[in-house]
Amino acid sequence: MVNYHAHTFRCRHATGAEEKYLERAIENGVTHFGFSDHAPFVFPDGYESTFRVPMNLRFEYMETLGKLREKFKEKIHVFIGFEMEYLPDYFDEMLKTVNEAGAEYLILGQHFLGNEHPEMFRVSQGSDDESLLAAYIDQVIEGMETGVFSYLAHPDMFHFTGDEKLLESYDRKLCRAAVRLGLPLEINLLGIRSQRCYPRESFWRIAAEEGVEVVIGFDAHERRAAYDEKSIAVAMELIERYGLKYNPYPTLIDPRTKQPRDMKYDGIDSTKKA
Ligand SMILES: [Zn+2]
Ligand SMILES: [Zn+2]
């Protein structure tokens, strides 16, 4: 098993030592583990979001995890990246920030509609407004089209409370874009563990129909979630029930070159898309 979605205490809503995450992952046979804490960023007016790696810790984050990679290199492959939003007005600046820090990969995690700041609309809060859903889907697709992201985390995060048929058409639009771009979508285990509005069954049924590539992301915010057999089993059951096209060996993309990385999967050509 592999996992490329994990946070650290630096984002202020995760706890425990990164070393403990890795020990738990190794004990349970995880061969590849990626840290993807929230991308550091300062908005032009000086505002710094409280859930991100603080700007002044971005190099320390890379360095600390780099040392752990070295320490555990015989047992596990460690990758160091970020979970990052696509904020239309600030994308270039944010990408520059994470690339300067040395990001090895990025996953797209779109938690807000628009630019997050100063107007903040959290997409998990729920809305029946089609125009918000439409804008969100367009924003996510634009983010996917930048080519810097390795996959889309929790694609089903928008909590739409309006008409189901309408929602289905937007789900389909997102899934078709993912297939066109060859970008995997993530079944998010934090959503399962915390019983959030995602993963949403109706989304994954459509994802199966559209033939999207699926990956599993632990979204670990503490040691135990660095291997949580219960949520893994729920995700696997979902994959089997709908016949989803699961890729257990995702390819990470280098955000600087937009080229696939050498993933060191034994005997598997990871550059070949599933
Ligand atoms: Zn997220
Ligand atoms: Zn996350």
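This is a predicted model: local features need pLDDT of at least 70, side-chain atom pairs count only at pLDDT 80 or more; totals for chains, interfaces and linings use all residues.
Residues are numbered from 1 along each chain as its sequence is written, and chains are lettered from A and ligands numbered from 1 in the order in which they are written.

Let me start with the helices, where helices (H or I, at least four residues) and strands (E, at least two) are DSSP runs numbered from the N terminus. Helix α4, residues 130-145, and helix α5, residues 164-181, have axes that come within 10 Å and cross at roughly 5°; the axes here are lines fitted to C-alpha atoms, for helices over the stretch in contact, and the angles run from 0 to 180 degrees between N-to-C directions. The two helices, α4 and α5, are therefore roughly parallel to each other, given that angles under 35 degrees count as roughly parallel, over 145 as roughly antiparallel, 65 to 115 as roughly perpendicular and the rest as oblique. On the α4 side the contact includes Leu133, Ile137, Val140 and Met144, and on the α5 side it includes Leu166, Tyr170, Leu174 and Leu181, where contact means that the C-beta atoms of two residues, placed from the backbone, lie within 7 Å. Sorted by class, this contact of α4 with α5 has 12 nonpolar, no polar and 3 charged residues, with Ala, Val, Leu, Ile, Met, Phe, Trp, Tyr, Cys and Pro counted as nonpolar, Asp, Glu, Lys and Arg as charged, and the others, Gly among them, as polar.

The next pair again involves α5, which packs against helix α7, residues 201-210, at an angle of about 45° with the axes 9 Å apart, and that angle makes α5 oblique to α7. The crossing of α5 and α7 is right-handed; by the convention used, a crossing is left-handed if the near helix is turned anticlockwise from the far one by less than a right angle, and right-handed if clockwise. From α5, Glu168, Asp171, Arg172, Cys175, Arg176 and Val179 meet Ser202, Phe203, Ile206, Ala207 and Glu210 of α7, and the residues of this contact divide into 5 nonpolar, 1 polar and 5 charged.

If we leave aside neighbours within four places in sequence, Leu106 is in contact with Gly81, Phe82, Met84, Val98, Val148, Phe149, Ser150 and Pro255.

Now to the backbone. Most residues other than glycine have a negative phi, and most peptide bonds are trans. Glu116 counts as buried, with 20 C-beta neighbours inside 10 Å; a residue is buried if 20 or more other C-beta atoms lie within 10 Å of its own, exposed if 12 or fewer, and partly exposed in between, with C-beta atoms placed from the backbone.

A cis peptide bond also runs from Tyr198 to Pro199, with omega near -5°, and Pro199 sits in the loop between α6 (189-193) and α7. Asp219, in the loop between β9 (213-217) and α8 (229-242), has a positive phi near 50° and is buried, with 27 other C-beta atoms within 10 Å.

What does Glu186 touch, not counting residues up to four places away in sequence? This residue lies in strand β8, residues 185-188, and is buried, with 28 C-beta neighbours inside 10 Å; Glu186 touches His5, Tyr151, Leu152, Ala153, His154, Pro155, Val215, Ile216 and Gly217. Lys230, by contrast, is found in helix α8 and is exposed, with 10 other C-beta atoms within 10 Å.
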